[in-house]
Amino acid sequence: MMTVRNHRASYLHKEGFSLSMFTPDELQQIHLATLEILWEEGIHVNSKDAQDIFKDGGAMVDYSTGKVKIRPYMVEDAIKSAPSTIIMASRDGKHDYVMDGSRVGFTTFGAGVSVIDLETGNPRKSCKQDLINTAILGDYLDTVSVYSHAVSAQDCPTKSCDLHEAETFLNNTTKHCMHIDLAHSGNIPKYIDMAAAIVGGRDKLYERPIISALTCPQSPLQLHKISTDIIAELGRVGLPVNILSMALSGATTPVSIAGTLVVHNAEVLAGIVFSQLANRGAPVIYGSSTTSFDLQHGSAPVGSPELGICNAGVAALAQFYNLPSYVAGT
Amino acid sequence: MMAALAGANVIYGMGMLEMGVTFSYAQLLLDDAIAKMVQRVVSGVDVTDDLLAVDVIKEVGGGQGKQFLTCQHTVDFMRKEQVQGGLFDRSVRQTWMANTGGKDVAERANDTAKEILSNHKPEPLEKTVQKEIRRLVESAE
């Protein structure tokens, strides 16, 4: 038995199951509140180079306090010039991961300072071998879309630790690698050179951006030198930078989630404005580890409903801006 | 789950415990299983003629002894429509005891991590590239 069911002339088909966080009016209001903060209050920037770039780009800079006031048009321009799609290239070309729109993927956490030992089951300080293990597992597991530098190698010398870590994960996974903890400005070019050695030159990184880095503005409303250095230097060679705010509602931002999202948004957008002023068109990721600060326990729980709400809200904001997102979740 | 439903491109945290202080291999493997299930939820409910399965429903019909277990339609779409629990054992207690000897999910996840680590060999970098990277590390010391 077979019934003929012909094509319909019109049929609206929905892909995926989703939740709707905000109305367009609400998103616009969060955006306007953010523009007001960035212009009226501004952001603290402590690198002279970064202050100059902001000034040349049209911001009002007070060199005595480091306060940078960003004009609304600068923000609108940066949102438009930052790419909406980023391909996180893998070194084998088999795991290139596309970040855009509402595609959903996962990554490891980064970067822990202790691990549960595989043999004893007890927590201990993380070391280089643990980083090797997380990279091998990240390489193996299909759900890991890109590898984020999962633990710190605390048995390595402090001043070159970030490079030891990069060497470790680059050797042990073919997937795209995101460095979570570039700690020394002087090591940033060396990190870039490692990727250049893999793809055959710095000029090839535009086509094969096999690494990226994460950097966090300090809440509330500060962009430190290490962050602006990472954004400027990686952007120059076309490598993605994940600008990730770690706002804590009730501590570094208002206790309200809407107010927290405004501060969060101001911090990330200030980083994105800087990125686009330093290297127009450079890939930037809209990142968040924003959650609530538990005012009774004095801790920052990441299993709280507020974390889910904040980061779903952040994903909605990133889509509103047409920017790729990287948020806390699992 | 909420971030996934909101369409975040990369959701981080796999393997993390204790507010980001501690990494657990077992948790990484459990998060892998959870991520697969979340991906299934995100993929939603596809409404097409094939999946509405009106013809199949009519063919099987209703009443005592009728079932879909042996339908070709079930075989054709089971992998697309259903996700397995992976490390999360969906058996009843007796079967779980018989199969695992009562090992809980965290122990089995830890075992799986060890197994992957002893068998999986990621493609290495070329020797000359490895050397260049080593030289860059040493130049910072």
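**Figure 1. Confidence along chain B of the predicted model.** In chain B, mean confidence is lowest in helix H6 (residues 93-100), at 86. Helix H8 (residues 127-138) of chain B has the highest, at 97. These values are pLDDT, the predictor's confidence in each residue, from 0 to 100. Helices (H or I, at least four residues) and strands (E, at least two) are DSSP runs, numbered from the N terminus. The mean pLDDT of chain B is 91, and 100% of its residues reach 70 or more. The model scores ipTM 0.90 and pTM 0.92. Because this is a predicted model, local features need pLDDT of at least 70 and side-chain atom pairs count only at pLDDT 80 or more, while totals for chains, interfaces and linings use all residues. Residues are numbered from 1 along each chain as its sequence is written, chains are lettered from A and ligands numbered from 1 in the order in which they are written, and side-chain values use heavy atoms, with hydrogens and water left out.

**Figure 2. Overall build of chain A.** Chain A has nine helices and 17 strands. Along the principal axes, the C-alpha trace of chain A spans about 80 × 50 × 50 Å. Of the 330 residues in chain A, 56% are buried. Buried means under 20% relative accessible area, exposed over 50%, partly exposed in between (1.4 Å probe, protein chains only). Among contacts in chain A with a separation of 6 or more, 68% join residues 24 or more positions apart. Contact means heavy atoms within 4.5 Å.

**Figure 3. Helix H3 of chain A and its cover.** Helix H3 (residues 72-81) of chain A holds the buried residues Met74(A), Val75(A), Ala78(A), Ile79(A) and Ser81(A). An α-helix has 3.6 residues a turn, so residues three or four places apart point the same way. The cover over the buried residues of H3(A) includes helix H1 (24-41), helix H2 (48-56) and helix H8 (257-278) of chain A.

**Figure 4. Two cis peptide bonds in chain A.** Most residues other than glycine have a negative phi, and most peptide bonds are trans. The bond from Gly110(A) to Ala111(A) is cis, with omega near -15°. Ala111(A) sits in the loop between strand E6 (106-108) and strand E7 (114-116) of chain A. Ser219(A) and Pro220(A) are also joined by a cis bond, with omega about -5°. Pro220(A) lies in the loop between strand E11 (211-215) and strand E12 (222-223) of chain A.

Figure 5. Leu221(A) is not a glycine, yet its phi is positive, about 55°. This residue belongs to the loop between E11 and E12 of chain A. Leu221(A) counts as buried because its relative accessibility is 13%. Ala53(B), likewise not a glycine, has a positive phi of about 55°. Ala53(B) lies in the loop between helix H3 (49-52) and helix H4 (54-60) of chain B. At 9% relative accessibility, Ala53(B) is buried too.

**Figure 6. Val129(B) and its contacts with chain A.** Val129(B) is part of helix H8 of chain B. Its relative accessible area is 11%, so Val129(B) is buried. Beyond neighbours within four places in sequence, Val129(B) contacts Ala197(A) and Ile198(A). Gly7(B) is 122 residues from Val129(B) along the chain, and their C-alpha atoms are separated by 37 Å.
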